[in-house]
Amino acid sequence: MFWNINTIGKRLFLSFSILAVNVIIISVLSYHFISRTRNIYELTKRIEDERIQIERLLKLDLDFLRFEIINQDFYRTNQSAVLLQRDSLNNIILQEAALLNTIMFDYNLGVQKNFDSINQTLQTYNTTFARIKEKIIYRGFKDYGMEGRMRKFAHELEKHTTEVSIVDILTLRRHEKDYFLRKEKVYKRRFNSLADSLITRLGSENSFVVHLLRSYKENFNQLATLDEEIGLIPTQGLMGDLNNRTNQLSAQLTSLVDLSDERANAIIRQSLFTYIIIGVSAIIVSFILTYVTALRLTRPIKKLSHSIGKFMVTQGLNEDELKDAGVTNEISNLSNAYVKLTRKLKTQFDEIQKKSQLLEKRNAELQKLNEELDRFIYSSAHDLKSPLASMAGLVHLAKREMNVAEHNHYFERMQNSIEKMEGFIRDITDYAKNKRQQIKTEKINLQTVFNDIFQSFQFMPQAERITTTIHIGSGEFYTDKTRLEIILKNLISNAIRYADLDKEKPSLLVEVIHERNVTIIKVEDNGIGIADEHIYKIFDMFYRASDYAKGSGIGLFLVRESVKMLRGTIAVESELNKGTTFILTLPTLNQVNVNQLPESEPIKFLTAS
């Protein structure tokens with residue numbers, strides 16, 4: 001009857017029925033284990049939560065002792081958000097402790113004694129903290145409490161400098177401050193000794209001043225005694241007692257959590273052993289029945305999958321392989337549909353192959369055209385250099401032979417045009433080099449590179465007026481030197497070309513930072529800057545911010561392409577009339593093949609807009 005089931009639905013229903021029966025058996029047998037485990041974990045979680053709440057209480061007390069005792073608003077209003085939060089948390093802890101006491105008898109964890117000990121220690125801790133809080137409030141701070149009264153007498157005493165020397169008053173104040181700052185009793189003795197000598201010296205003739213001195217001394221000594229009761233250092237007085245209770249609580253809490261976890265794990269292991277024996281037996285039976293069902297169900301599916309795989313590799317299909325008397329109706333219908341699909345795909349594959357061959361031929365032609373275009377650009381730029389050099393020489397000779405001051409501006413304009421054309425040809429040549437040449441890495445001496453670049457720009461107009469600063473950090477850097485020089489020449493020449501000469505100190509800063517596998521080069525100037533409407537287009541080819549721009553419009557485009565080839569990034573930040581900063585980030589290429597580094601968008605804009 002089982003083998004005659006000829007639909008996937010019926011076979012799956014039979015398989016899942018077998019699994020469901022086994023799941024029900026395992027669930028029923030393990031219910032006691034799961035329920036007991038859950039209850040034990042809930043109890044241990046409650047104990048852990050109680051530990052966390054107590055630690056929060058200790059932290060709030062520490063915050064109070066660190067911050068609120070020097071908060072004048074606390075003494076003025078006698079209210080503290082920290083204390084309110086502390087009291088609320090303490091109530092929660094006490095309520096949770098009472099609840100844990102009522103439910104802990106239901107579980108045989110053996111931690112009741114430890115928990116009671118923690119509650120007793122916490123009660124003692126709270127009592128000690130309450131005493132410290134009362135004494136701190138009574139003590140006061142600055143203009144409040146006992147310290148406020150002491151300060152009041154001291155300020156009042158400072159008004160009677162005719163009876164008491166200002167030097168003696170300041171000495172008293174110094175001993176007072178030294179004692180409360182350094183907590184050393186020698187300053188207390190010095191204070192009392194000086195105060196007693198002053199009282200004796202004044203006698204009864206200056207009864208009011210003597211009264212002020214005695215009141216000042218009395219309040220000082222009371223305040224000192226109160227500080228000693230609280231604790232001059234954390235290990236003395238009430239503070240020492242509180243610190244001991246804190247350490248005791250921490251140790252008890254850690255011991256309680258460890259003990260409860262140990263007892264809970266022991267109970268769980270005992271229950272788990274019984275569950276495993278019953279569960280493994282049911283699982284073995286389930287696996288045997290499921291395997292028989294799955295084998296019968298998946299055999300035709302595997303055969304169909306194997307045929308599909310062969311078709312994808314060889315584009316061939318043996319239709320007789322899909323014939324099986326034991327397949328289900330669904331698999332039979334799927335096989336027939338697949339046969340029809342493969343026949344259509346075979347025809348389409350033939351058409352795609354023909355088109356693919358045609359595309360490969362066209363791609364080869366396009367690649368050849370690109371290579372020829374690159375060679376044409378490079379050779380054309382090279383051939384144009386000689387005529388321009390000749391024109392520059394002729395202009396120079398003509399200027400010398402004519403030697404007419406009125407015509408000098410014409411020669412200067414001709415010379416500027418020639419230099420501009422030479423710069424454009426140089427940019428085109430650099431672009432061709434960047435596209436054609438493979439990346440060649442080498443160790444870079446950045447100091448030499450910058451020296452060569454600035455030396456080549458020393459005769460640029462107004463270059464001598466710009467203050468140049470170079471900072472190079474320690475570290476090694478490997479990259480393509482040709483492309484690096486192309487990038488730096490364009491950035492530095494732009495900084496010189498667009499310097500703001502109306503400013504008192506035109507400046508240019510170059511800073512190099514070596515990090516792990518990365519070198520960061522920052523080129524910063526205080527020139528004319530770039531307006532927001534132009535900054536997002538400055539890296540486009542032939543883009544010029546205005547008709548009066550001095551460059552060829554290809555320099556920053558070449559920078560972008562070179563940075564991309566070196567797998568780096570360049571960020572630009574500029575503000576009109578303030579200056580411009582370029583931040584170049586390049587990876588070190590001596591250990592990792594550049595082709596393995598991922599390409600990403602090399603441009604980042606850091607403008608506020």
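Isoleucine 288 counts as exposed because its relative accessibility is 52%, where exposed means over 50% relative accessible area, buried means under 20%, and partly exposed is in between (1.4 Å probe, protein chains only). The model is a predicted one, in which local features need pLDDT of at least 70 and side-chain atom pairs count only at pLDDT 80 or more, while totals for chains, interfaces and linings use all residues. Residues are numbered from 1 along each chain as its sequence is written, and side-chain values use heavy atoms, with hydrogens and water left out.

Isoleucine 288 sits in helix 9 (residues 237–314); helices (H or I, at least four residues) and strands (E, at least two) are DSSP runs numbered from the N terminus. Together with Leu272, Ile276, Val280 and Ile284, Ile288 makes a nonpolar surface patch of about 410 Å². Patches are made of residues with over 30% relative accessible area and no salt bridge, with like charges joined within 9 Å and nonpolar side chains (Val, Leu, Ile, Met, Phe, Trp, Tyr) within 5 Å. The areas come from the Shrake-Rupley method with a 1.4 Å probe, and for residues only the protein chains shown count as cover. Helix 9 also holds isoleucine 278, which is partly exposed at 31% relative accessibility. The C-alpha atoms of isoleucine 278 and isoleucine 26 are 7.5 Å apart in space, although 252 residues separate the two in sequence.

Charged patches come next. Lys and Arg count as positive and Asp and Glu as negative, with His and the chain ends not counted; the place of a charge is taken as NZ of Lys, CZ of Arg, CG of Asp or CD of Glu. Arg174, Lys185, Arg189 and Arg190 form a positive surface patch, and helix 7 (residues 185–202) gives the largest share, three residues. Arginine 190, in helix 7, is partly exposed with a relative accessible area of 41%. A negative patch brings together Asp532, Glu533, Glu573 and Glu575 on the surface. At least two of its residues come from each of helix 14 (532–535) and strand 6 (569–575). Aspartate 532 belongs to helix 14 and is partly exposed, at 37% relative accessible area.

Side chains of opposite charge can pair when their charged atoms come close. The whole structure has 19 salt bridges, each defined as a side-chain nitrogen of Lys or Arg within 4 Å of a carboxyl oxygen of Asp or Glu. In one of them, lysine 217 meets aspartate 196 (2.4 Å, N to O). Lysine 217 lies in helix 8 (residues 207–230) and aspartate 196 in helix 7, so this pair ties together parts 21 residues apart in sequence. Another joins arginine 560 to glutamate 561, with the closest N and O atoms 3.4 Å apart. Here arginine 560 is partly exposed at 22% relative accessibility, whereas glutamate 561 is buried at 15% relative accessible area. Salt bridges with shared partners also link Arg139, Glu147, Arg151, Lys183 and Asp227 into one network.

Finally, the backbone deserves a look. Most residues other than glycine have a negative phi, and most peptide bonds are trans. Lysine 142, however, has a positive phi near 55° and lies in the loop between helix 4 and helix 5 (145–158). Asparagine 517 likewise has a positive phi, near 65°, in the loop between strand 4 (507–515) and strand 5 (518–525).
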